[in-house]
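This briefing is for a reader who is new to the structure shown below. The notes after it are grouped by topic.

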Amino acid sequence: MLLVLDGNNLAWAGFHALRRPMGADTPERKERAALLGLAQAVFGILVRAGEPPDGRPGGQGRLFDGERPRVTGLAVAFDEGRPVRRRSIYPAYQTGREADPSFAENEPHILAAISAFEELAAGLPIEVLRGVNTEADDLIAARALQETGPVRIASTDRDFLQLVDERVSIYSPVKKAVVDPMTFADHAAPRDAEGRAAVFPRERYLDFRAASGDSSDDLPGIPGMGALTAARLLAAAPLDAYLEAPGRAAEVLGRRNAKLEAALASGEARAIAERNRALMDLRAAARLFPDLGGYRRVGEWRPAVLERWLEEQRGFGIDRAATLAAFERLAEATGTGTGG
């Protein structure tokens with residue numbers, strides 16, 4: 001199994017998890033919190049072969065009962081710069097986070113931690129994927145779709161759910177859950193006030209996102225079409241069916257929805273759907289990167305580098321023995337050279 005990790009996602013999550021416990025109130029401490037949080041996540045996911053921790057003491061190195069999946073590769077992707085391509089389509093894309101004072105204050109520390117991790121990764125048998133003004137999402141999708149064997153993507157970004165199939169699964173570090181075809185509906189389908197899931201076909205997930213929007217990326221959806229309405233409509237028919245026959249929405253919902261009907265009738269809904277598809281479609285984005293050579297840097301396994309780093313970070317929840325063993329297995333699987 002190839003593991004492909006969303007590096008920025010893990011770095012920010014690790015930073016927020018460790019900032020207060022570490023008393024990170026200076027630039028140096030903030031950078032260290034982000035670096036440790038990122039490293040803990042990457043190492044832990046590798047040790048567990050992409051499976052959730054079991055919650056017991058020492059859980060970083062513990063696996064579910066059964067045979068350990070064989071990790072055939074580990075790639076960590078990072079954003080760099082700004083999302084130029086998507087902003088050429090929609091200038092407001094992801095601008096909200098940049099206006100957030102907390103993001104603006106802490107982004108330099110996250111970026112410094114990522115640079116430090118890249119230096120460490122030069123001595124590890126892993127791939128780092130990064131390119132100027134290129135989003136990690138696109139590189140992750142390209143790497144996953146170019147692989148012929150099983151892939152597990154680690155990220156809390158729900159856009160990756162559109163890639164789930166018999167070969168590609170998603171591990172959510174926050175929910176500590178794996179999303180695959182069997183569990184897809186449990187994680188993708190919104191629920192009503194009574195807790196009932198509005199299940200729709202997995203192949204319509206991209207249109208579910210395009211129709212309902214994504215506030216985290218500052219992308220509005222179709223007026224009158226929130227997540228639950230979108231799911232109910234897509235359970236009955238593809239999105240294009242409603243764009244082509246606006247009256248069909250009221251028939252399926254069993255009620256009138258003035259905002260939605262107006263958007264469908266005026267063509268606004270079609271324009272929004274087409275824009276959001278262009279922004280959100282990771283399979284289409286992956287085709288823009290047929291060759292990842294210019295974005296990939298592969299480290300050379302040097303155990304002494306990791307041993308020294310782990311010695312410096314004692315007491316921060318990293319299982320030294322399990323981590324070294326996992327990297328040794330990964331080096332064997334990837335045929336990465338071993339140095340001092």
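Aspartate 214 is buried, because its relative accessibility of 7% is under the 20% cut-off. The model is a predicted one. Aspartate 214 belongs to strand β7, and β7 is one of the elements that the buried residues of helix α8 pack against.

**Aspartate 214 and helix α8**

- Leaving aside residues up to four places away in sequence, aspartate 214 is in contact with Asp159, Arg209, Leu219 and Met280.
- One of these, Arg209, is also among the buried residues of α8.
- Helix α8 spans residues 205-212 and is mostly covered, with seven of its eight residues buried.
- Those buried residues are Tyr205, Leu206, Asp207, Phe208, Arg209, Ala210 and Ala211.
- They pack against α7 (184-188), β7 (213-214), α9 (227-236), α10 (239-244) and α13 (268-280).
- Glycine 213 follows α8 and has a positive phi, near 85°.

**Glutamate 127**

- Glutamate 127 is in strand β3, which covers residues 127-129.
- With a relative accessible area of 12%, glutamate 127 falls under the 20% cut-off and is therefore buried.
- Setting aside residues up to four places away in sequence, glutamate 127 touches Leu74, Ala75, Val76, Arg143, Arg296, Arg297 and Val298.
- The side chains of glutamate 127 and arginine 143 are joined by a polar contact of 3.0 Å.
- Leucine 38 is 89 residues from glutamate 127 along the chain, and their C-alpha atoms are separated by 15 Å.

**Alanine 75**

- Alanine 75 is part of strand β2, residues 73-77.
- Its relative accessibility is 0%, so alanine 75 counts as buried.
- Beyond residues up to four places away in sequence, alanine 75 touches Leu3, Val4, Leu5, Glu127, Leu129 and Arg143.
- Glycine 7 lies 68 residues from alanine 75 in sequence, with a C-alpha to C-alpha separation of 9.3 Å.

**Helix α2 with helix α5**

- Two packed helices are described by the angle between their axes and the distance between the axes.
- The axes of α2 and α5 (residues 101-121) come within 8 Å and cross at roughly 50°.
- At that angle, α2 and α5 are therefore oblique to each other.
- Their crossing is right-handed.
- On the α2 side, the contact is made by Pro27, Lys30, Glu31, Ala34, Leu35, Leu38, Ala39, Val42 and Phe43.
- On the α5 side, Glu105, Asn106, His109, Ile110, Ala112, Ala113, Ala116, Phe117 and Leu120 take part.
- By class, the contact of α2 with α5 has 13 nonpolar, two polar and three charged residues.

**Helix α2 with helix α16**

- Helix α2 (residues 27-47) also crosses helix α16 (residues 320-334), at roughly 65°, and the two axes come within 9 Å.
- The two helices are therefore roughly perpendicular to each other.
- The crossing of α2 and α16 is left-handed.
- From α2, Phe43, Leu46 and Val47 make the contact, and from α16, Ala322, Thr323, Ala326, Phe327 and Leu330.
- The contact of α2 with α16 has seven nonpolar residues, one polar residue and no charged residues.
- Phe43 of α2 is named in the contact with α16 and in the contact with α5.

How values were computed. Residues numbered from 1 in each chain as written. Predicted model: local features only at pLDDT ≥ 70, side-chain atom pairs only at ≥ 80, totals over all residues. Heavy atoms only, no water. Helix = DSSP H or I, 4+ residues; strand = E, 2+ residues; numbered from the N terminus. Buried < 20%, exposed > 50% of the residue type's maximum accessible area, 1.4 Å probe, protein only. Contact = heavy atoms within 4.5 Å. Polar contact = N/O pair within 3.5 Å; in protein donor to acceptor, adjacent residues only side chain to side chain. Axes fitted to C-alpha atoms, helices over the stretch in contact; angles between N-to-C directions. Parallel < 35°, antiparallel > 145°, perpendicular 65-115°, else oblique. Left-handed = near helix turned anticlockwise from the far one by under 90°. Nonpolar A, V, L, I, M, F, W, Y, C, P; charged D, E, K, R; others polar.
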